Amino acid sequence: MRKTSELVNRWLNDNDEDKIVIFSQFVSFIDLVKDNLHMQDIKCFTYTGGMSKADRDETIANFTNPKNPVRVILISTKAGGKSM
(Lines give C-alpha, C1' and ligand atoms only; values in the text may rest on other atoms or scores of the structure.)
Protein backbone atom coordinates (compact mmCIF):
# COMPACT_ATOMS: atom_id res chain seq x y z
CA MET A 1 0.00 0.00 0.00
CA ARG A 2 2.80 2.39 0.86
CA LYS A 3 4.42 1.84 -2.55
CA THR A 4 1.16 2.60 -4.37
CA SER A 5 0.77 5.85 -2.46
CA GLU A 6 4.38 6.81 -3.11
CA LEU A 7 3.97 6.19 -6.85
CA VAL A 8 0.75 8.22 -7.02
CA ASN A 9 2.25 11.08 -5.04
CA ARG A 10 5.41 11.15 -7.17
CA TRP A 11 3.44 11.00 -10.43
CA LEU A 12 1.15 13.85 -9.38
CA ASN A 13 4.10 15.99 -8.34
CA ASP A 14 6.08 15.32 -11.53
CA ASN A 15 3.20 15.63 -14.01
CA ASP A 16 1.06 18.70 -13.38
CA GLU A 17 -1.78 17.91 -15.76
CA ASP A 18 -1.91 14.10 -15.81
CA LYS A 19 -4.69 12.15 -14.19
CA ILE A 20 -4.35 8.68 -12.69
CA VAL A 21 -6.77 5.76 -13.02
CA ILE A 22 -6.28 2.81 -10.67
CA PHE A 23 -8.26 -0.36 -11.35
CA SER A 24 -8.99 -3.14 -8.89
CA GLN A 25 -11.39 -6.04 -8.92
CA PHE A 26 -11.64 -5.75 -5.13
CA VAL A 27 -13.63 -2.88 -3.62
CA SER A 28 -11.90 -3.55 -0.31
CA PHE A 29 -8.57 -2.69 -1.98
CA ILE A 30 -10.10 0.49 -3.41
CA ASP A 31 -11.21 1.46 0.10
CA LEU A 32 -7.69 0.88 1.46
CA VAL A 33 -6.07 2.93 -1.30
CA LYS A 34 -8.63 5.72 -0.86
CA ASP A 35 -8.00 5.89 2.88
CA ASN A 36 -4.25 5.89 2.35
CA LEU A 37 -4.42 8.65 -0.27
CA HIS A 38 -6.66 10.77 1.96
CA MET A 39 -4.10 10.47 4.78
CA GLN A 40 -1.64 12.11 2.35
CA ASP A 41 -4.17 14.82 1.43
CA ILE A 42 -4.62 13.38 -2.06
CA LYS A 43 -8.25 13.60 -3.12
CA CYS A 44 -9.72 10.90 -5.34
CA PHE A 45 -12.96 9.69 -6.82
CA THR A 46 -14.24 6.13 -6.55
CA TYR A 47 -16.31 4.29 -9.12
CA THR A 48 -17.85 1.00 -7.96
CA GLY A 49 -20.85 -1.20 -8.70
CA GLY A 50 -22.42 -0.13 -5.41
CA MET A 51 -23.07 3.32 -6.85
CA SER A 52 -26.21 4.22 -8.75
CA LYS A 53 -25.85 4.78 -12.48
CA ALA A 54 -26.47 8.50 -11.94
CA ASP A 55 -23.68 8.65 -9.34
CA ARG A 56 -21.30 6.75 -11.62
CA ASP A 57 -22.11 9.08 -14.52
CA GLU A 58 -21.56 12.12 -12.30
CA THR A 59 -18.25 10.74 -11.04
CA ILE A 60 -16.94 10.24 -14.59
CA ALA A 61 -18.15 13.70 -15.61
CA ASN A 62 -16.40 15.28 -12.63
CA PHE A 63 -13.19 13.32 -13.17
CA THR A 64 -12.96 14.16 -16.87
CA ASN A 65 -13.73 17.84 -16.27
CA PRO A 66 -10.41 19.66 -16.84
CA LYS A 67 -11.36 22.30 -14.26
CA ASN A 68 -11.79 19.72 -11.49
CA PRO A 69 -8.62 19.53 -9.37
CA VAL A 70 -9.15 15.86 -8.39
CA ARG A 71 -6.67 13.87 -10.49
CA VAL A 72 -7.08 10.30 -9.20
CA ILE A 73 -9.93 7.84 -9.68
CA LEU A 74 -10.19 4.35 -8.23
CA ILE A 75 -12.36 2.05 -10.34
CA SER A 76 -13.77 -1.39 -9.67
CA THR A 77 -13.34 -3.56 -12.76
CA LYS A 78 -16.82 -5.00 -12.18
CA ALA A 79 -18.66 -1.65 -12.12
CA GLY A 80 -18.62 -0.61 -15.77
CA GLY A 81 -21.44 -2.69 -17.22
CA LYS A 82 -23.78 -2.64 -14.26
CA SER A 83 -26.90 -0.50 -14.60
CA MET A 84 -28.89 0.42 -11.53
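Student: Are Phe-45 and Phe-63 buried or exposed?

Tutor: Both Phe-45 and Phe-63 are buried. Keep in mind as we go that this is a predicted model.

Student: How do the rings of Phe-45 and Phe-63 sit relative to each other?

Tutor: For a pair of rings, look at the centres and then at the planes. Planes over 60 degrees apart count as edge-to-face. The ring centres of Phe-45 and Phe-63 are 6.4 Å apart and the planes meet at 85°, so this pair is edge-to-face. The pair also links distant parts of the chain, with Phe-45 in strand E2 (residues 45-47) and Phe-63 in helix H3 (residues 53-64), 18 residues apart.

Student: Which residue lies over the face of Phe-63?

Tutor: That's Lys-19, placed 4.8 Å from the ring centre.

Student: Let's move to the strands. Which residues of E1 are on its covered face, and which on its uncovered one?

Tutor: Here's the general idea: in a regular strand, side chains alternate between the two faces of the sheet. In this structure, the covered face of E1 has Ile-20, Ile-22 and Ser-24, while Val-21 and Phe-23 make up the uncovered one.

Student: What about the faces of E3, covered or uncovered?

Tutor: Both are covered. Val-72, Leu-74 and Ser-76 are on one side, Ile-73 and Ile-75 on the other, and all of them are buried.

Student: How many bridges join E1 to E3, and how many join E2 to E3?

Tutor: There are five between E1 and E3, and those two strands run parallel. E2 and E3 also run parallel, joined by three bridges. To see who faces whom, find Phe-23 opposite Ile-75, then Thr-46 opposite Leu-74.

Student: Which residues make up the largest nonpolar core?

Tutor: A core like this is a set of buried nonpolar residues joined through their side chains. The largest one here has 11 residues: Val-8, Leu-12, Ile-20, Ile-22, Ile-30, Val-33, Leu-37, Ile-42, Cys-44, Val-72 and Leu-74. Helix H1 (2-14), E1, helix H2 (27-39) and E3 each give two or more residues, and H2 gives the most, with three. There is also a second, separate core of seven residues, including Tyr-47, Val-70, Ile-73 and Ile-75.

Student: Pick one core member for me. What is Cys-44 in contact with?

Tutor: Setting aside neighbours within four places in sequence, Cys-44 is in contact with Lys-34, Leu-37, His-38, Val-70, Val-72 and Leu-74.

Student: Why does Ser-24 count as buried?

Tutor: The cut-off for buried is under 20% relative accessible area. Ser-24 has 7%, so it is buried. A polar atom of the Ser-24 side chain lies 3.0 Å from the backbone nitrogen of Phe-26. Beyond four places in sequence, Ser-24 is in contact with Phe-29, Ile-30, Ile-75, Ser-76 and Thr-77.

Student: And Thr-48, where is that?

Tutor: Look in the loop between E2 and H3. Thr-48 has a relative accessible area of 12%, so it is buried too. Not counting residues up to four places away in sequence, Thr-48 touches Val-27, Ile-30, Arg-56, Ser-76 and Ala-79.

Student: Last one: what is the phi of Asp-41?

Tutor: In general, most residues other than glycine have a negative phi. Asp-41 is not a glycine, yet its phi is positive, about 60°. You'll find Asp-41 in the loop between H2 and E2, where it counts as exposed at 71% relative accessibility.

Conventions: Residues are numbered from 1 along each chain as its sequence is written. This is a predicted model: local features need pLDDT of at least 70, side-chain atom pairs count only at pLDDT 80 or more; totals for chains, interfaces and linings use all residues. Side-chain values use heavy atoms; hydrogens and water are left out. Rings of Phe, Tyr and Trp (its six-membered ring) pair if their centres lie within 6.5 Å; planes under 30 degrees apart count as stacked, over 60 as edge-to-face and the rest as tilted. Helices (H or I, at least four residues) and strands (E, at least two) are DSSP runs, numbered from the N terminus. Buried means under 20% relative accessible area, exposed over 50%, partly exposed in between (1.4 Å probe, protein chains only). A charge sits over a ring if NZ of Lys or CZ of Arg is within 6 Å of the ring centre and within 35 degrees of the ring normal. A polar contact is a pair of N or O atoms within 3.5 Å; within protein, one must be able to donate a hydrogen and the other to accept it, and residues adjacent in sequence count only if both atoms are side-chain atoms. Contact means heavy atoms within 4.5 Å. A nonpolar core is a set of buried Ala, Val, Leu, Ile, Met, Phe, Trp, Tyr and Cys residues joined through side-chain atoms within 4.5 Å. Two strands pair if DSSP finds at least two bridges between them.
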